[in-house]
Amino acid sequence: PMDSEASPGERALEMLKTVYGYDQFRGRQAEVIDSLLEGKSTLAVMPTGMGKSVCFQIPALLFGGLTLVISPLVALMEDQVMALKLLGIAADSINSSRSREENVSVWRRVAAGEVSLLYIAPERLMTERMLAALAKLPIRLIAIDEAHCISRWGPSFRPDYEGLTRLTDFFPGAPIAALTATADEATREDIAEKLFPRTLDGQRDGKVIVSGFDRPNIRLSVQLRKDWKKQLLEFVEARAEQSGIVYCLSRRKTEEAAEFLKEHGIKAFAYHAGMDSSIRAAHQALFMRESGTVMVATIAFGMGIDKPDVRYVFHTNLPSNMEAYSQEIGRAGRDGEPSEAMMLYGLDDIRMRRSFIDNEGGDEDHLAREHKRLDALIAYCEAPTCRRQSLLSYFGETIEPCNNCDVCLDPPELKEGTAEALSLIDVAEQTGEIFGAVQLIDILRGLTHEKIKKYNHHTLPCHGSGKGTSKEDWRAILRQMVAANMLRLDIQGHGALKLTAKSEALKKGDIRFSYRTDVMAPSELSRPKRT
Ligand code: ADP
Ligand code: ZN
């Protein structure tokens, strides 16, 4: 029973209990709700699975009237509408997967005041006709899901979202709830700049609430990829009764990996966008229903999947950046029970990700930002100290060493490597910063093959100066230097290694370099392309 004397906060909690059946708010949900209930536009940045939806759904119900929910994907929309209907909430959606007749009948109910939450895609909303029709209705709140799509700074800009900037002009009385799991500082500011209304003195008016990205129940581990099938099988077999998600880069590889696991008696299913939709749905249903199933998927799988007892997420390759990675591993352990995130990576992943970024194009600033995002992820992979610290520092959080990552639990040995690092900087500089890893290391190791002679590299003073260090060690040192931004891998220059500000600092003796010896894998097969 709702007490009319209760404060808005109390009424919100009451609603969480009676409508959703949860006892308490999680993370900073309550703050987001309070802020919206005060009528402030609010950007909520929360990791996937924390429960962004209730942050706008509860205010929507408390406000009464109509709440517009803007969401980029029809599938997500339909899932949420279905979930709300099951809770007895009058939600509906107007979208392209429905027939004209269905959309018209939804609209009639909306116009009659029978719908509390209307889900709609941005391009449908931002038509003059729709806006004019909505202007006649009591719109109390506008929720924008996946709000980072509005920012060109973010990893998944959608031109459709840009029009939403005009929303505050059309509905000045309705606060905006912007929600995203993408927390990068620049993106956050950009979202607020685009969506929040201006006060009379021209300031942007709204609140940004960043919720804890720490998911302490997920144990973080990273390994160099040696034999990915063997590594995957060992991991999955050791967790036989558990459900997990295995992410692969390509459709072909998901099928190959699922086949391979099946051959070893594991209930594994492939899932990717190229599959027949009925097979895909069947695989998803099995995964949701049966324990001990492994979903081998491209990243197409996971958005909107709400299975609380996913015990692990296994990446066979480096994900695209830190935001993507934290979202993807966030699908594990939503029930709060101990879970794991394991990632395999290799130098070829780094090369490939760099070329993905460059091929996507965009202006220089955009490219530089994307490469920086990737750098952060690579540094995470090679982190000589607590991985969770490295992950969370990217999202602006500082924590103590977590004691629940491979680095904390089994600290790697660090070796002083300033002299080696200086040799690599030296050889890169002496050869004009246009050569890649293979050539630089071959020079240091004193090789005299054709390509060395062609460029007269055997006459350099540093030729042969690094004979005492193995090729593998050189490769690992180089990789960790790149991770630490002490050298930069230039993809447009086909993987040429260039000096950075940090190289200069190292040369001056302002900083030193030490490296992990355990990430050196003699059997690592990847070879950088020769330049
Ligand atoms: P997100 O959009 O942040 O990924 P969702 O809104 O889909 O997350 O919520 C994820 C899951 O958490 C849902 O099953 C939701 O019902 C549940 N949830 C939300 N809030 C709470 C809460 N306060 N306590 C427990 N579970 C919650
Ligand atoms: Zn740790």
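This is a predicted model: local features need pLDDT of at least 70, side-chain atom pairs count only at pLDDT 80 or more; totals for chains, interfaces and linings use all residues.

User: What makes A91, S93, D92 and I94 in strand β3 count as buried?

Analyst: The cut-off is 20 or more other C-beta atoms within 10 Å of a residue's own. A91 and S93 on one side of β3 and D92 and I94 on the other are all buried, so both faces of this strand are covered. Across the protein, 44% of the 531 residues count as buried.

User: How do you know that β3 and β4 pair?

Analyst: Pairing takes at least two DSSP bridges. β3 (residues 91–94) and β4 (residues 117–120) run parallel and are joined by four, so they pair. D92, for one, sits opposite L118.

User: What makes L440 and L424 contacts?

Analyst: Their C-beta atoms have to lie within 7 Å, and they do, so the pair counts. L440 also touches V427, A428, F435 and L497, leaving aside residues up to four places away in sequence. In the largest nonpolar core, which has 80 residues, L440 and L424 are among those touching the most other members.

User: And which residues come nearest to ligand 1?

Analyst: Y22, R26, G51, K52 and S53, out of the 13 around it. By class, that shell has five nonpolar, five polar and three charged residues.

Conventions
Residues are numbered from 1 along each chain as its sequence is written. Chains are lettered from A and ligands numbered from 1 in the order in which they are written. A residue is near a molecule or strand if its C-beta atom, placed from the backbone, lies within 6 Å of it. Ala, Val, Leu, Ile, Met, Phe, Trp, Tyr, Cys and Pro count as nonpolar, Asp, Glu, Lys and Arg as charged, and the others, Gly among them, as polar. A residue is buried if 20 or more other C-beta atoms lie within 10 Å of its own, exposed if 12 or fewer, and partly exposed in between; C-beta atoms are placed from the backbone. Helices (H or I, at least four residues) and strands (E, at least two) are DSSP runs, numbered from the N terminus. A nonpolar core is a set of buried Ala, Val, Leu, Ile, Met, Phe, Trp, Tyr and Cys residues joined through C-beta atoms within 7 Å. Two residues are in contact if their C-beta atoms, placed from the backbone, lie within 7 Å.
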